[in-house]
Amino acid sequence: MRYLRLLWTLVTGALGSSKSIATLQHGMATLNAIDGFMEPYRRGDYEATLQATESFRQDGDVTASYCFYRGSCLAHLGRLPEAEVWLRRNIALRKEDQKRHLAIGYTTLGHLMLQAGRYDDAVECFQTSLHHFPGRSSGYRSMAEAYLLRGDNPSEALRWTRLAIDQAKGDREISPELRKMNLGESFATLAWATAAASHTAPEVARLVAEAVAGVGAGSISSTAQVHYQSGRAYEELGDAGNSLHHYREAARLDLQGEWGRAGRAALAIGVAP
């Protein structure tokens, strides 16, 4: 983020028109808003993150970024009807040439649909995301997750997750840190799909270890997601001890968010002794 601030400083120094300066000032305001948003987001404090989204307004007006970040936070908090309104507004405010933004918007809306159990709607969102930007890995991994949650055709979940990994490795528009995190998430989904398709315990254990190492402790949401999906993988294998461990980790880490709720729900329905 400090690098982005420096970049904006250099660009504002190079451009002199008042219109350019006004545009760049909005850009600096956006970078400041992202700073304020990401700090509580990384630690999983979605209530504080929701308050921070107010900084994405421009001159008091709602922007596409405001709608996206507000909808994302509400989805993490489980306030799904409100979240859907804001995420759809984000998509409506995007221009047709904002392909990557549209892809991110549809993927995020699709994940909300997965939370709500609306699997067909989720698949439609992920397909639309891939239509807009086929080079982004998250849409492929999300398709795999939809297959796994529906409980049908684990071989298709395997295929989609492998596509996600290939895309993540080839995406040069993201930072190495984000690529590593995306791969970590995909390896957890792949562990779940592998367990469902083949019940190969050594391969599942290898993929889980790679997933946990990949996401590290940089973002509570990603770390908790990996633990929850690792729990699902071990549950598929009938390994209650490891499944319980990962569900507990998801519940412990993600006190406010989706993956913590999923971990607690798994513990409540009988995985725990």
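## Basis of the description

A pocket is defined on a 1 Å grid over the protein atoms alone, as an open set of points where a 1.4 Å probe fits, with protein on both sides within 12 Å along at least five of seven lines; its lining residues have an atom within 4 Å of a point. The model is predicted, with local features needing pLDDT of at least 70 and side-chain atom pairs counting only at pLDDT 80 or more, while totals for chains, interfaces and linings use all residues. Residues are numbered from 1 along each chain as its sequence is written, and side-chain values use heavy atoms, leaving out hydrogens and water.

## The second largest pocket

The second largest pocket has a volume of about 190 Å³, the volume being the space filled by probe spheres set on grid points joined across faces, edges and corners. Its lining consists of Leu-114, Gln-115, Tyr-119, Glu-145, Leu-149, Trp-192, Tyr-228, Arg-232, Glu-258, Trp-259, Arg-261 and Ala-262. Two or more lining residues come from each of α6 (99-115), α8 (137-150), α12 (220-237) and α14 (258-271); helices are DSSP runs (H or I, at least four residues) numbered from the N terminus. The largest share, 4 residues, belongs to α14.

By class, this lining has 7 nonpolar, 1 polar and 4 charged residues. Nonpolar covers Ala, Val, Leu, Ile, Met, Phe, Trp, Tyr, Cys and Pro, charged covers Asp, Glu, Lys and Arg, and the others, Gly among them, are polar.

## Packing of α7 and α8

Helix α7 (residues 119-132) packs on α8 at an angle of about 165 degrees, with the axes 9 Å apart. Axes are lines fitted to C-alpha atoms over the stretch in contact, and angles run from 0 to 180 degrees between N-to-C directions. The two helices are therefore roughly antiparallel (over 145 degrees; under 35 degrees counts as roughly parallel).

The contact (heavy atoms within 4.5 Å) includes Tyr-119 of α7 and Leu-149 of α8, both of which also line the pocket. Its residues divide into 8 nonpolar, 3 polar and 2 charged.

## Packing around α12

Helix α12 and helix α13 (residues 240-253) pack at about 160 degrees with axes 7 Å apart, and are therefore roughly antiparallel. Among the α12 residues that meet α13 are Tyr-228 and Arg-232, two of the pocket-lining residues. This contact has 7 nonpolar, 7 polar and 3 charged residues.

Helix α10 (residues 176-198) lies at an angle of about 15 degrees to α12, with axes 7 Å apart; α10 and α12 are therefore roughly parallel. Their contact includes Trp-192 of α10 and Arg-232 of α12, which are both in the pocket lining. By class, the contact has 9 nonpolar, 6 polar and 3 charged residues.

Conventions. Angles under 35 degrees count as roughly parallel, over 145 as roughly antiparallel, 65 to 115 as roughly perpendicular and the rest as oblique.
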